Amino acid sequence: MDTSNEIIKRLLCGEASGTQLAGTLGITRAAVHKHVKSLAKYGFIIEATPSKGYKLRNTDVLHRVVVEHYLQTQWKIETVEETTSTNADAKRHAAAGELRYTVLADRQSAGRGRLGRSFFSPPGAGMYLSAVIKPREQNAAKITAYAAVAAARAVEELCGARVDVKWVNDLYMNGKKICGILTEGSVGLEGGALEYAVVGIGINCKRVDLPSELKDKVTSVEAESGVQINRVVLAAKILDALTLLETDLPDFMDEYRARNIVCGKTVTVNGEYEAKAVAILDNGALVLERDGKQTVFAAGEVSIKV
């Protein structure tokens, strides 16, 4: 038994005295006090009140026990203060056959977006999650589109403000990016089916000072809504939603289209040419129109021409 984790579990359920904790855990009150003090290194703020006991003052701590407390579904959770890339970490577990596994980080030092781009991830401000799952859906674009809808719903539920999607994988608030999604996977050589998918989601939650080159393009949930959302609750809501990838997905493409901000606009395609975004098909592909001709664009990058 990890005594510190057991103390967290009990305090997540409400206030408890040192005597109660000592009796439940089979240790002394002095040992309880020692464990409570040690939890500060993870970022927990625990208040001790004479004659009342200990009370957990913050739950926005990226710690396995806290994530599990808010989850409605079963996942194996790994939380780290910093890693190079949660997707890279998750892929190693996926290769070892571990499904329903997620890596959750406070900061990434070498995180990647689509097309190999790096991104800004200061400590304490974002939620960086990579989930390993075996999807029934085999279309990677639809997996990414569903993840975008799931994340948008979760953010909206917690902050109350509108969240849009830019095809295929970015979330926006008020015209600025708050989230990027990167889906990777492994295809079996014999059957050609996805053996697993790794869905990586990075969301800017708290207001921070952005580099000058990002200020006009990137924002955070707090900056746009005025609400400091709980990153752990956000992660749990997204993970619960992602489990539906294991089954036949409910219809979500109409919502994906309604949230999308590209259709009807001129976009730059893969940084090479301009076209008009006309529609999004049921398989997640984007219909483009150029020189009077329509083409189907299934994978790549588009940016909205300002």
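This report describes a predicted model of one protein chain, from its overall form down to selected residues.

## Overall form

The chain has 306 residues, and 49% of them count as buried. Its secondary structure consists of nine helices and 14 strands. The radius of gyration is 21 Å, close to the 19 Å given by the globule rule for 306 residues, so the chain is as compact as a globular protein of that length. Along the principal axes, the C-alpha trace spans about 80 × 50 × 30 Å.

Taking contacts between residues at least 6 apart in sequence, 62% join residues at least 24 apart.

## Surface and charge

The accessible surface of the chain is about 14700 Å². Carbon and sulfur atoms account for 48% of that surface. There are 39 positive and 37 negative side chains in the chain. The centres of these two sets lie 4 Å apart.

## Helix 1 and its cover

Helix 1 covers residues 3-12 and is mostly covered, with eight of its 10 residues buried. The buried residues are Thr3, Ser4, Asn5, Glu6, Ile7, Ile8, Leu11 and Leu12. An α-helix has 3.6 residues a turn, so residues three or four places apart point the same way. In helix 1, Ile7, Ile8, Leu11 and Leu12 are among the buried residues, and so are the polar residues Thr3, Ser4 and Asn5.

The cover over the buried residues of helix 1 includes three other helices: helix 2 (18-25), helix 3 (29-38) and helix 4 (64-70). Strand 1 (46-49) and strand 2 (53-56) are also part of that cover. At the start of helix 1, a side-chain oxygen of Asp2 comes to within 3.2 Å of the backbone nitrogen of Ser4. Just after helix 1, Gly14 has a positive phi of about 140°.

## The loop between helix 8 and helix 9

Thr243 sits in the loop between helix 8 (231-242) and helix 9 (253-259). Its relative accessibility is 9%, so Thr243 counts as buried, the cut-off being under 20%. The side chain of Thr243 reaches the backbone oxygen of Asp240 at 2.6 Å. Leaving aside neighbours within four places in sequence, Thr243 is in contact with Thr73, Trp75, Arg100 and Ile133.

Leu249 is in the loop between helix 8 and helix 9 as well. Its C-alpha atom is separated by 8.4 Å from that of Arg136, although these two residues are 113 residues apart along the chain. With neighbours within four places in sequence left aside, Leu249 is in contact with Glu137, Tyr146 and Leu244.

## Backbone features in loops

Arg100, one of the contacts of Thr243, lies in the loop between helix 5 (86-95) and strand 4 (101-108). Phi of Arg100 is near 50°, a positive value in a residue other than glycine. Arg100 has a relative accessibility of 22% and therefore counts as partly exposed. Asp291 also has a positive phi, near 55°, and is likewise a residue other than glycine. Asp291 is in the loop between strand 12 (286-290) and strand 13 (293-297). With a relative accessible area of 73%, Asp291 is exposed.

A cis peptide bond runs from Trp167 to Val168, with omega near 0°. Val168 is located in the loop between strand 6 (164-166) and strand 7 (170-173).

Asn260 lies in the loop between helix 9 and strand 10 (266-269). Asn260 is buried, with a relative accessible area of 10%. Apart from neighbours within four places in sequence, Asn260 is in contact with Val165, Lys166, Trp167 and Ile280.

## Val296 in strand 13

Val296 belongs to strand 13. Val296 is exposed, with a relative accessible area of 55%. Once neighbours within four places in sequence are set aside, Val296 is in contact with Leu281, Ala285 and Leu286. Val296 and Asp248 are 48 residues apart in sequence, and their C-alpha atoms are 25 Å apart in space.

Definitions and conventions:
Residues numbered from 1 in each chain as written. Predicted model: local features only at pLDDT ≥ 70, side-chain atom pairs only at ≥ 80, totals over all residues. Heavy atoms only, no water. Helix = DSSP H or I, 4+ residues; strand = E, 2+ residues; numbered from the N terminus. Rg over C-alpha atoms; globule rule 2.2 N^0.38 Å. Buried < 20%, exposed > 50% of the residue type's maximum accessible area, 1.4 Å probe, protein only. Contact = heavy atoms within 4.5 Å. Areas by Shrake-Rupley, 256 points an atom, 1.4 Å probe, with all protein chains shown as cover. Lys, Arg positive; Asp, Glu negative; His and termini not counted. Charge placed at Lys NZ, Arg CZ, Asp CG, Glu CD. Polar contact = N/O pair within 3.5 Å; in protein donor to acceptor, adjacent residues only side chain to side chain.
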